[in-house]
Amino acid sequence: MSEVMLRTENLGISFGGLKAAQDVNLTINKGDLYGLIGPNGAGKTTVFNLLTGVYQPTTGKFFLDGEELTGKKQEIINRKGIARTFQNIRLFNNMTVISNVMVALNNLPEYKCSPFASMFRLPKHFETEKKMRDRAKELLDIFGLKEERNTLACNLPYGKQRKLEIARAMATNPKLLLLDEPAAGMNPNETAELMNTIRFVRDNFDMTILLIEHDMKLVGGICEKVTVLNFGQELAKGNTAEVLNDPRVITAYIGEDE
Amino acid sequence: MKNFKIKHFINYALVGALLIFGVIMHFTGSLRPSTAQLFAQIGYGIILAVSLNLVVGFLGELSLGHAGFMCVGAYIGGLFAVMLKQSGLDMKLPVLIIAMIVGGLFAALFGFIIGLPSLRLKGDYLAIVTLAFGEIVRNIFMNQKVFGGAKGLTTGSLIYDTRQSPTLFIVVFIVAIIMLALVQNLVRSKHGRAITAIRDNEIAAKAMGINVTFYKLFVFIVAAFFAGCAGVIYAHTTTPVLYSFFSYNYSIEILVMVVLGGMGSITGSIISAVFITAINFMLQSQLSGDLASLKNVVYAVILVIVVIFSNAPALKSFRERYSISAFFERFRKHDASKRRDDEAKWARVPSKIKMDALLSTDMAPDSDASIHGDISANDKGGSK
C-alpha cells in the first residue's frame with residue numbers, strides 16, 4: 001500500500017467573516033500527482049498559503065509524512081519538506097540563474113556554514129560554496145538551464161522562468177512540491193513541455209506533487225486525482241476523469257442551465 | 001586563482017591608494033594637520049557609508065538611525081578609552097583598538113535591541129522607528145552626567161596630535177580596509193545571496209527556507225557594529241563629543257553617501273563618501289565669515305547637479321569607457337583581448353549590412369540604385 005504524504009484535517013481559515021477555505025480534507029499519497037482545481041476565488045491559493053505557513057489556519061490541522069506542521073513558520077515548513085512555486089512568478093530577478101538555485105540550498109543542513117566563517121573566509125566557507133555550486137549546476141543541468149546559468153533571472157524567457165522556479169523549489173529537497181498555476185500565461189507548446197517537466201520531476205525525484213491549474217488539458221493529462229474547490233469548500237474529489245465530468249463541477253465552472 | 005576578478009579588489013585598491021597618498025604626503029612633509037583630519041574623516045565616512053549600504057543597498061531596508069549607532073560607539077567607546085588612559089594604559093594604538101571593539105559591541109547590542117522588535121516592520125515604518133531611535137539615543141547620552149551632559153564628553157586626552165604623528169588616519173584606513181574585506185566576504189557568500197534574495201523578493205525567500213528574521217537582524221547588528229567603530233574613531237578626532245553632531249541630519253548625510261554612490265555598490269559608497277566628506281570639508285574651510293551660511297546651499301546645489309547628471313547618457317557612456325574596472329582590465333592580457341574581440345564583433349555589425357548589399361550587387365548588377373537607397377535608409381534608421 002502506498003503511504004500517505006500529505007493529510008489535512010478540516011483545514012480552514014477565515015478572514016473576519018469571510019471563510020476563504022473551509023473543511024478542506026486532502027489525502028495525498030506518496031508519488032501522487034494531485035490536482036486542486038476550482039473557479040476563480042475558490043480558495044485554491046489560500047490552501048497553498050495555509051500549507052506553506054504564509055497563513056496560519058484558524059481551524060484544522062495538516063500532516064506531512066505523519067508529522068504535524070500546523071502553525072509552523074514558513075522556513076520550518078520548507079525545511080520539513082514542502083516547497084512551492086508561485087502563481088505570479090517570484091524569482092530573485094536581480095540575481096543570476098545559478099544564484100537563484102543556490103539561495104534555495106541555503107537552509108539545507110549539508111550546506112551549513114556560519115556567517116562568521118564566510119566573513120573571515122575560513123576553509124569551511126570555500127568547501128560549502130563549492131558543494132553548493134556543484135549541486136546547483138547539477139540541478140540546472142537536469143532542468144536544462146545549464147547554458148543560462150549566468151544570465152539574470154529576469155532576462156530569461158517566460159517558460160524558462162517557470163522552469164527555474166520549479167528547479168529552485170526542487171533545490172530545497174522537498175517531499176511535496178506545490179505548483180501554483182504552472183501553466184498560466186503559457187502557449188500550448190510551452191504547456192506541453194511543462195507537462196513533461198512535471199512528469200519528469202515526479203518520476204526522477206520520486207516526488208509527490210500537488211498542483212493548482214486552470215488548464216483542464218494539463219490537469220486531465222497529468223493528474224491522477226483532483227479535488228475541486230468552490231467558495232472555499234470541497235465540491236468533489238476523486239479520479240480526474242470522473243470528477244471533470246461531474247455535473248456539479250461543470251455547473252460551478254460555467255454556471256447553471258437557465 | 002581561478003576565480004580571481006579584478007573588480008573584487010578595486011575597493012581595497014581605492015582605499016589603499018588614499019592611504020598611500022596620505023603616507024607619501026606625510027613623509028614629504030606636505031601633509032597639513034587639517035588634511036590629516038580630512039583623511040580621518042574620509043576614513044570613518046567610508047566605514048559609515050559601506051555599513052549603511054549593507055542595510056539599505058543589500059538588505060533593502062531603510063534605516064535612518066545610523067548616526068544613532070555611531071553615537072553609541074562614540075560615547076561608550078570614547079568614555080572607555082578615556083578611562084583606559086586614566087587607569088595608566090598610555091599607548092595610543094591599543095587603546096584605540098580596544099575602545100573600538102567595545103564601542104562596536106555596544107552599538108551592536110543596541111542594534112540587536114532595536115532590531116529585534118522593529119525588523120518586523122517594513123519600509124517607511126522601519127525608517128520611522130530607526131529615526132526615533134537615533135533621536136532618543138543621543139538625548140539619553142546628553143542627559144547622563146558620566147558622559148559630560150550637555151557639555152559633551154571630553155576626549156582631549158585621546159586626540160592625536162596631527163603635527164607629530166598622523167597615525168590616526170593610517171589606523172582608520174586600515175580599519176576601513178578590514179571592514180571592507182569583512183563586508184565583501186559576507187556579501188559574496190551564501191549569506192550575501194540570502195540577503196540579496198530577501199531584498200529581491202521576501203515572500204519567495206521565506207518560501208525557499210531563508211530565515212528572514214535571522215538575516216535581517218544579523219545585517220542590522222553588523223552594520224551597527226561598524227557604525228559604532230566609526231563613532232569611536234570620531235571620538236578620537238574631536239573633543240568634546242557633542243550629542244548635537246549625531247542628529248538626524250548626519251544620518252541623512254550617510255544615507256546620501258549611499259544613494260549617491262548607488263545602492264548595493266560598495267565602490268560607489270566609497271567614492272561618494274570621499275567626495276561628500278571632501279566637499280563638506282572644503283566648503284567649511286573656504287566659506288568663512290558671512291559666507292559660512294552659504295555652505296549648505298552650495299552643498300545642496302552640488303548634490304542636485306551630481307544626481308541629475310550622473311544619469312546623463314553622455315556621462316554614462318564615458319563612465320563605461322573609463323570606469324575603474326575597465327582601467328584595471330587594460331592591464332590584464334586575456335581580458336583585454338576578449339574585449340578587443342567584442343569590439344571587433346560590434347565593428348563588424350554595420351559593415352555586414354553593407355557587405356550583404358555589395359554581395360547582392362554582384363548577384364544583380366542592375367539594381368545599383370536600389371542598393372544605395374537601402375544603405376542610406378539604413379543610415380537614417382541608425383541616426384534616429
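This is a predicted model: local features need pLDDT of at least 70, side-chain atom pairs count only at pLDDT 80 or more; totals for chains, interfaces and linings use all residues.
Residues are numbered from 1 along each chain as its sequence is written, and chains are lettered from A in the order in which they are written. Local features need pLDDT of at least 70, side-chain atom pairs count only at pLDDT 80 or more, totals for chains, interfaces and linings use all residues, and side-chain values use heavy atoms, with hydrogens and water left out.

Chain B contains 16 helices and zero strands; helices (H or I, at least four residues) and strands (E, at least two) are DSSP runs, numbered from the N terminus. Of its 384 residues, 46% count as buried, where buried means under 20% relative accessible area, exposed over 50%, and partly exposed in between (1.4 Å probe, protein chains only). Among the contacts in chain B with a separation of 6 or more, 77% are accounted for by residues 24 or more positions apart; contact means heavy atoms within 4.5 Å.

Helix H10 of chain B covers residues 248-261, and its end C-alpha atoms are 20 Å apart, which agrees with the 20 Å that its 14 residues should span at 1.5 Å a residue. The expected span is 1.5 Å times one less than the number of residues. Tyr250(B), Ser251(B), Glu253(B), Ile254(B), Leu255(B), Met257(B) and Val258(B) are buried in H10(B). The cover over these residues includes helices H2 (33-59), H3 (66-86), H11 (266-286) and H12 (295-309) of chain B. H11(B) has 21 residues and reaches 30 Å from its first C-alpha to its last, close to the 30 Å expected. Its N-terminal end is capped by Ser265(B), a side-chain oxygen of which lies 2.9 Å from the backbone nitrogen of Gly268(B).

At the interface, 27 residues of chain B are in contact with 34 residues of chain A. The area buried between the two chains is about 2700 Å², with carbon and sulfur atoms giving 60% of it; buried area is the accessible area (1.4 Å probe) that two parts lose on being put together, summed over both. On the side of chain B, Lys190(B), Arg193(B) and Met208(B) lose the most area to chain A, together 29% of what that side buries. There are 15 residue pairs in polar contact between the chains (both at pLDDT 80 or more). A polar contact is a pair of N or O atoms within 3.5 Å; within protein, one must be able to donate a hydrogen and the other to accept it, and residues adjacent in sequence count only if both atoms are side-chain atoms. Helices H6 (167-187), H7 (190-200), H8 (202-207) and H9 (212-235) of chain B each supply at least two residues of the side that touches chain A. The largest share, eight residues, comes from H7(B).

One salt bridge is found across this interface, a salt bridge being a side-chain nitrogen of Lys or Arg within 4 Å of a carboxyl oxygen of Asp or Glu. The side chains of Glu129(A) and Arg193(B) meet in a salt bridge at 2.5 Å, N to O. Glu129(A) is in helix H5 (residues 123-142) of chain A and is buried, with a relative accessible area of 13%. Leaving aside neighbours within four places in sequence, Glu129(A) is in contact with Met102(A), Ser189(B), Lys190(B) and Arg193(B). Leu91(A), in the loop between strand S7 (82-84) and helix H3 (97-105) of chain A, is buried at a relative accessible area of 2%. Among the residues that Leu91(A) touches are Ala153(A) and Asn201(B).

Over all chains, the whole structure holds 20 salt bridges. Lys175(A) pairs with Asp65(A), the closest N and O atoms being 3.5 Å apart. Lys175(A) lies in the loop between helix H6 (158-171) and strand S8 (176-180), and Asp65(A) in the loop between strand S5 (59-64) and strand S6 (67-68), so the pair ties together parts of chain A that are 110 residues apart in sequence. A salt bridge of 2.8 Å, N to O, joins the side chains of Glu193(A) and Lys163(A). Glu193(A) is in helix H7 (residues 188-205) and Lys163(A) in helix H6 of chain A, 30 residues apart.
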